[in-house]
Amino acid sequence: MAFSSKLGSLLRLNGQIPATSMLSSIRCMSSSTKKLFIGGLSYGTDDQTLKEAFSGFGDVTEAKIIIDRDTGRSRGFGFVNFADDESASNALSAMDGQELNGRNIRVSYANERPSGGPRAYGGNGGFRGSDGFGRDAGY
């Protein structure tokens, strides 16, 4: 319902569709609140432990600890996906600030990664060997 009224107001705007406004509105309205970010995790916490800790609030479809690709160790945070929004909301309310494996964890709704390729993250690779004029940059 909210989607159709927002879309209608965008279409009425001078008879034109502002593509960026419409896309951002659609993206916001379609974003799910089923995915939680879990921070402050003990390095000993694994996917199964995380899933068990949150499964009392509803159907956990995925629990994932983020691993450092160089060391193979946990980075101290992860994500929990629920089958429905209400379960995620209940888990957030109940688990934020609670202890898990000896650490007080932070729970919040997960943010979507920005789209648009490598420049969306502020860089275009790591090569720094030339100053752009064919000379060694001296790094």
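This note goes through the fold, strand pairing, aromatic contacts, one serine and the nonpolar core of a predicted model.

1. Basis. Residue numbers start from 1 along each chain as its sequence is written, and side-chain values use heavy atoms, with hydrogens and water left out. Because the model is predicted, local features need pLDDT of at least 70 and side-chain atom pairs count only at pLDDT 80 or more, while totals for chains, interfaces and linings use all residues.

2. Fold. The protein has four helices and six strands, in the sequence order α-α-β-α-β-β-α-β-β-β. Helices (H or I, at least four residues) and strands (E, at least two) are DSSP runs numbered from the N terminus. Of the 139 residues, 23% count as buried; buried means under 20% relative accessible area, exposed over 50%, and partly exposed in between, with a 1.4 Å probe and protein chains only. Among contacts (heavy atoms within 4.5 Å) between residues at least 6 apart in sequence, 55% join residues at least 24 apart.

3. Strand pairing. Strand β1 pairs with β3 in the antiparallel sense over five bridges, and with β6 (residues 106-109), also antiparallel, over four bridges. Strands count as paired if DSSP finds at least two bridges between them. Ile38 has Gly78 as its bridge partner in β3 and Val107 as its bridge partner in β6.

4. Aromatic pairs. There are three aromatic pairs in the structure. Rings of Phe, Tyr and Trp (its six-membered ring) pair if their centres lie within 6.5 Å; planes under 30 degrees apart count as stacked, over 60 as edge-to-face and the rest as tilted. The Phe37 and Phe77 ring centres are 5.7 Å apart with planes at 35°, so this pair is tilted. Phe37 lies in β1 (residues 35-39) and Phe77 in β3 (residues 74-82), so the pair ties together parts that are 40 residues apart in sequence.

5. Phe37 and Phe79. These ring centres are 5.8 Å apart and the planes are at 65°, so the pair is edge-to-face. With Phe37 in β1 and Phe79 in β3, the pair ties together parts that are 42 residues apart in sequence. Phe37 is partly exposed at a relative accessible area of 24%, and Phe79 is partly exposed at 21%. Phe37, Phe77 and Phe79 form one aromatic cluster.

6. Charges over rings. Lys35 lies over the face of Phe79, 4.9 Å from the ring centre. The charged end of Arg73 sits over the ring of Tyr43, at 4.4 Å from its centre. The criterion is NZ of Lys or CZ of Arg within 6 Å of the ring centre and within 35 degrees of the ring normal.

7. Ser74. This residue is found in β3 and is buried, with a relative accessible area of 9%. Its side chain reaches the backbone nitrogen of Gly76 at 2.9 Å. Leaving out residues up to four places away in sequence, Ser74 touches Ser42, Tyr43, Ile65, Ile66 and Ile67.

8. Nonpolar core. A nonpolar core is a set of buried Ala, Val, Leu, Ile, Met, Phe, Trp, Tyr and Cys residues joined through side-chain atoms within 4.5 Å. In the largest one, of 17 residues, Ile38, Leu50 and Phe54 touch the most other members. At least two residues of this core come from each of β1, α3 (47-54), β2 (60-67), β3 and α4 (85-95), and α4 gives the most, with four residues. Not counting residues up to four places away in sequence, Phe54 touches Ile38, Val60, Val80, Phe82, Ala91, Met95, Ile105 and Val107.

How values were computed: A polar contact is a pair of N or O atoms within 3.5 Å; within protein, one must be able to donate a hydrogen and the other to accept it, and residues adjacent in sequence count only if both atoms are side-chain atoms.
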